[in-house]
Amino acid sequence: MMSTKRLRRFRPARSHAALLGAALAAVAVGGPAAAQEIVVRGNGRVDVETVRSYISGSGSLEEARRNMLQTGLFSSVNIVRQGAQIVVTVNENTTISRVVIEGNRKFKREQLDSELQTKARRPLDRRLVEADAERLREFYRRIGRGNATVTSRVVDLPNGRVDVVFTVEEGGKTGVLEINFTGNSAVSSTRLRNLMQTGEMNLLSFLKTNDVYDEDRLAADQEIIRRYYLKNGYADFQVTGTDVRFDAQRGGYVITIAVNEGAQYRVGAVGFDSRVPSLDPEILRGEIQTDPGDVYNAEAIEKTLTGMTQAAVRRGHPFVQVRPTGARDQATSTVNLGFVVDEGPRVYVERIIVRGNTRTRDYVVRRELDIEEGDPFNKVLIDRGERRLNNLGYFKKVRVSTEPGTAADRVVVNIDVEDQATGAFSIAGGYSTADGAIGEVSISESNFLGRGQFVRLAGQVGQRSNGIDFSFTEPYFLGYRLAAGFDIFTKYSDQTQYSRYENRTTGGQLRLGLPLTEESGLTLRYSLYEQNLKIPNTLKQPFNDCTVPLPGYTRLNPDGVTAAYPNCAYDGEASIAVKESRGSTVTSLVGLTLAYNTVDNLKNPRSGIYAEIKPDYAGVGGDSKYFRVSGEARAYHELFVEDLVGVLKIQGGHTEGLGNSRSSSGLRSAGGDLRLVDHYFLGPTLVRGFAPAGIGPRDISSPDASQNALGGTTYLGISAEAQFPIPLIPRDLGLKGAVFADAGTLFGYRGPRALDVNGNGRFEGFGQSCAAYGGFSALNVQPECISVRDRNTIRSSIGASILWNSPLGPLRFDYAYALTKDNGTFVDYGNGLGRQRVGEDQTQAFRFSGGTRF
C-alpha cells in the first residue's frame, strides 16, 4: 500500500517549482544521483520526473528500487550505473481506472463498496478481484440471498489502464430450511423456535417474510432467547455458538444454535446497602421487584435498578449509582442478590450525537432518553432509553455507546440507528356472524414524516356494516410524554337480523394519554357523536307499518297463512322502545381509561395481566344523560404442560340514567330515563354460544319477542380458557386449539315503557299487561306499552375453538353449547295467536370472526 507521501508523488505532471524543489533536495542530500544524469526507460503513464524523484531522494540505489516497488505502480524496477549515467528500467503495472458494480437493485453501491478491496487508481491484482467476487457472494448469503451470483471481468483501456466490472444477479430471497438447537434440555427446541422471529419454510412460505435468512434478525433472536432464559432462572445461560450453513442442493439455510443452559436458580437472600446518608433507604427498598424464593428473573432486577435510580434522581441525587450483586450457591441452586446504592462520579453529558437516521428526526430519538446535554450522566437511564428506542419499531437496529468528552468529567453519548419501513397498506377481508362478509382497505404510518406520529385511514364495506375512520396520534404532545390524538369516524350497522332498526353513528373523539408507570397509563377522552336510528318499512321488512301502513300489503300469520286478524303487530313490528329512539340524537361524553399491562407479548401472550377500567359521563350537552362504568381484566399463565396457556377473563359494566334523556322521535314517552341505544346489547362477546343481542331484556308485548332486544344496564361475565398447540400440525402455521367455559348475565332495562305512537295523548295499555291489551284485535294498532322480560339469569356455555394467527390476519372459530339460559315465558295473545313462548335467549352455536391481510 502506498504511503501518503508516495501517493502525492504520483502526478501526471509536475510544476516548475516542484521540479526545482526536487533538484535542490537531491543536491542537499548528496545521494547517488546528486551529480549524475538519470535516464528512465520503459515508463508510460508515470512521468520521468516522478521516477527521478525516487532516485534523487533515496540514500542508495537499492533503497530507491524498493521504494518504487512499494508504490505498486511497477511490476519490476532495475537500476544500474553506466558511466556518468544512472539507467532506470521499469515495467509498469496495469492500473485500475474504475470499479463498476452492475445489477445491484436491492442494495446501494456504498454498502457493496465496503466489501471490496479492489479500488480505483490501484494496481490490478486478478487474484484480489476473484476474492472480492467471493466476498460479494458471501455478503448476499449473509443477508438471505444465497442464490445470488457474482461474476467479474476486466475491461482493457488505453495507456495500460483497465476497468474492473462486477456483475451481480441478486436473485430472490433464500429461506431457512431448519433451525436446530444443541445443548438445551430444560426448554424444548420447539419452544425456543417459537420465541424467535425467524421461522422455517413451510406450505405458507409464499405468504411469509420471516422465513428468509436475515443476519440482524438472527442476532435479535439470540438476544430474545438469552433474555427468556435469564427471566426464567437460568443465570448462567450462554449462546456458545451459531452455525449458519447454506445448503446449495436444497436451496436454503440450516441454522444451528448451540446453548449452555446451566442450572435454574431461585432467589436466596435479598440484601440492600445504601451508602448515601441523605437518601432515605426505605424509599429505595420499596422499589425492589423480587423476593426470596422467587425464580431468578433478570427483568425484575432491571426494573429494580431503574426504579431505584429514578427515585434517587427525583430526590436530588442525579449521580447515584445502583449496582446489583449476586452470589451463586450451586449446592442449593440459589442466588443471593444485593443492591448497592452509592454516589457515582460527577460526570456530565457533553453531547448527544444521533447517527444513521436518514428519515427519523433527531428530536424523535433524543426525546426517548431521560437525560439531555448538560445533565448528569446515568448509565441506567441510558439503558432505559435504548430499550425505548428498540420498542418504537422505527429502527432496524439501535446501538447506544459512549466516549470521553473534552474533559475528564464529560462524556459523549452516541446513538447509532438504522431506519426501517414503518408504513403499511393493507387490504383485509373476513366474515363474522354479526356483520357478515366484510372488507377493509387501510393505510397507516407509525412514523409520519419522520416525526414519530401515527396516522391511519381505513374504510370498511360489509353485508351489514360499512364505515370510514381516520386516526392521528402525537406521542409527545407539547414536548411532554403525553399521547394526544383524535379520531373521526362514521359507521353504518344493520341490526335488523337481531333487532328491528338500522343505525348510523358519525362523530369524533379527542384523546390525551399519559404514562403513570412502566406498566400503567391514564387516557382522558372526549367524544361527540350523532346517532341516526331508522326503522325499515318495506314489503320485505314491514317493521313500522303499524305507524306508517303499507298500501297493498297482505299480512300473514306467523305460519305464513293470510291473517284472519290482519294486525300490523303480527309481521315483525319494531318495539315501541325502538320507535322512541328513532331519529337523530347527539351524545356528548367525557371519560377516562385507566389501564395496567404486564403481558409479555401482545400478539401471542403467555404470561401477564391486562386490566382496564373506563368510567364515562354523558351529559356535557347533547341528548343523552347517563353515567357508565365498565371494566375488563385478563390474566395469562402457563399451566402444567409446556405451551399450555391458561386465560382467565372477567368483565362487567353498569349504566345509570341521570334524568330523562331527550327523545329523538318527538313522541311523548313514560317509564324510563335511558334511550334504547344507551343500553348494553351483548351476546357472544359475553357468553359464547349466544347470538348478538341474544342475551338480556326483551319486549314480549308481541309474538316477535325474539327479535326485539331491549338491552340492559348491568352485565357481568367470566371466562376460562386453555390454549394449546394442535398435535401433528407445524407450529409455524400459527394454529392453536382452545377449550373454554363462559358464564355471564345482562339485565336491568331502564328505557321507556310507554309511547304515544297513536298520537291520541294517552298511553293505551300502560300500567296493565300489554300482552292482554285488546289493541291486537284492531287493524294498524300497536299497544303503546312494553311488557318486559328482564331476568338476571346466569347464562353459561362450554365449547372449543380453533385460533389461527395466519399471515393473512387473526382468525377464530368457536363452537359453543349453551348450558343455561333464559327460556322465556308463555303468553296468551288470543285473537287466533293463542299461547306462545316468547322472551327466550337466542343461541348461536357456531361463531367465526377474523380478517385477512394480503
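**Entry: Leucine 449**

I looked up leucine 449 and found it partly exposed, at 49% relative accessibility. The model is a predicted one, and I keep that in mind throughout. I then placed leucine 449 in the loop between β17 and β18 (453-462). Its phi is positive, about 55°, although leucine 449 is not a glycine. I noted that most residues other than glycine have a negative phi.

**Entry: Leucine 478**

Where does leucine 478 lie? I found leucine 478 in the loop between β19 (465-474) and β20 (483-494). Its phi is near 55°, again a positive value in a residue other than glycine. Is leucine 478 buried or exposed? Leucine 478 counts as exposed because its relative accessibility is 65% and the cut-off for exposed is over 50%.

**Entry: a hairpin**

I turned to strands β11 (residues 320-329) and β12 (residues 334-343). They run antiparallel, joined by 10 bridges. Alanine 327 stands opposite asparagine 336 in β12. The two strands, β11 and β12, form a hairpin with 4 residues between them. In the turn, serine 333 has a positive phi of about 55°.

**Entry: a nonpolar patch**

I searched the surface for nonpolar side chains. Phe425, Val441, Ile443, Leu457 and Ile468 form a patch there. Together they have about 470 Å² of accessible area. I picked out valine 441, which lies in strand β17 (residues 436-448). Valine 441 is partly exposed, with a relative accessible area of 42%.

**Entry: rings**

How many aromatic pairs does a search of the whole structure find? I got 11. I opened the pair of tyrosine 394 and phenylalanine 395, which is edge-to-face. The centres are 6.1 Å apart, with 70° between the planes. Tyrosine 394 counts as buried, at 7% relative accessibility. Phenylalanine 395 counts as buried too, at 5%.

I also found a cluster. Ring pairs link Tyr228, Tyr229, Tyr234 and Phe237. Elsewhere I looked at a charge over a ring. The charged end of arginine 688 sits over the ring of phenylalanine 740, 3.8 Å from its centre.

**Entry: salt bridges**

I ran a search of the whole structure and it gave 49 salt bridges.

I started with glutamate 62 and arginine 65. Their side chains meet at 3.0 Å, N to O. Both lie in helix α4 (residues 61-70), 3 residues apart, about one turn of the helix. Glutamate 62 is partly exposed at 37% relative accessibility. Arginine 65 is partly exposed at 27%.

Next I took arginine 191 and aspartate 643, whose salt bridge is 3.9 Å, N to O. Why does this pair tie together parts that are 452 residues apart in sequence? Arginine 191 lies in helix α7 (residues 189-195), and aspartate 643 in the loop between β25 (626-638) and β26 (645-657), so the pair ties those parts together. Are arginine 191 and aspartate 643 buried or exposed? Both are buried.

Then I checked lysine 397 and glutamate 418, in a salt bridge of 3.7 Å, N to O. Lysine 397 is in strand β14 (residues 395-404) and glutamate 418 in strand β15 (residues 410-419). They are 21 residues apart, and the pair links distant parts of the chain. Lysine 397 is partly exposed, at 42% relative accessibility. Glutamate 418 is partly exposed as well, with a relative accessible area of 30%.

Last, I traced a network. Salt bridges that share partners join Glu368, Asp370, Arg384, Arg388, Arg481 and Glu518.

Notes. Residues are numbered from 1 along each chain as its sequence is written. This is a predicted model: local features need pLDDT of at least 70, side-chain atom pairs count only at pLDDT 80 or more; totals for chains, interfaces and linings use all residues. Side-chain values use heavy atoms; hydrogens and water are left out. Rings of Phe, Tyr and Trp (its six-membered ring) pair if their centres lie within 6.5 Å; planes under 30 degrees apart count as stacked, over 60 as edge-to-face and the rest as tilted. Buried means under 20% relative accessible area, exposed over 50%, partly exposed in between (1.4 Å probe, protein chains only). A charge sits over a ring if NZ of Lys or CZ of Arg is within 6 Å of the ring centre and within 35 degrees of the ring normal. Patches are made of residues with over 30% relative accessible area and no salt bridge: like charges are joined within 9 Å, nonpolar side chains (Val, Leu, Ile, Met, Phe, Trp, Tyr) within 5 Å. Accessible areas come from the Shrake-Rupley method with a 1.4 Å probe; for residues, only the protein chains shown count as cover. A salt bridge is a side-chain nitrogen of Lys or Arg within 4 Å of a carboxyl oxygen of Asp or Glu. Two strands pair if DSSP finds at least two bridges between them.
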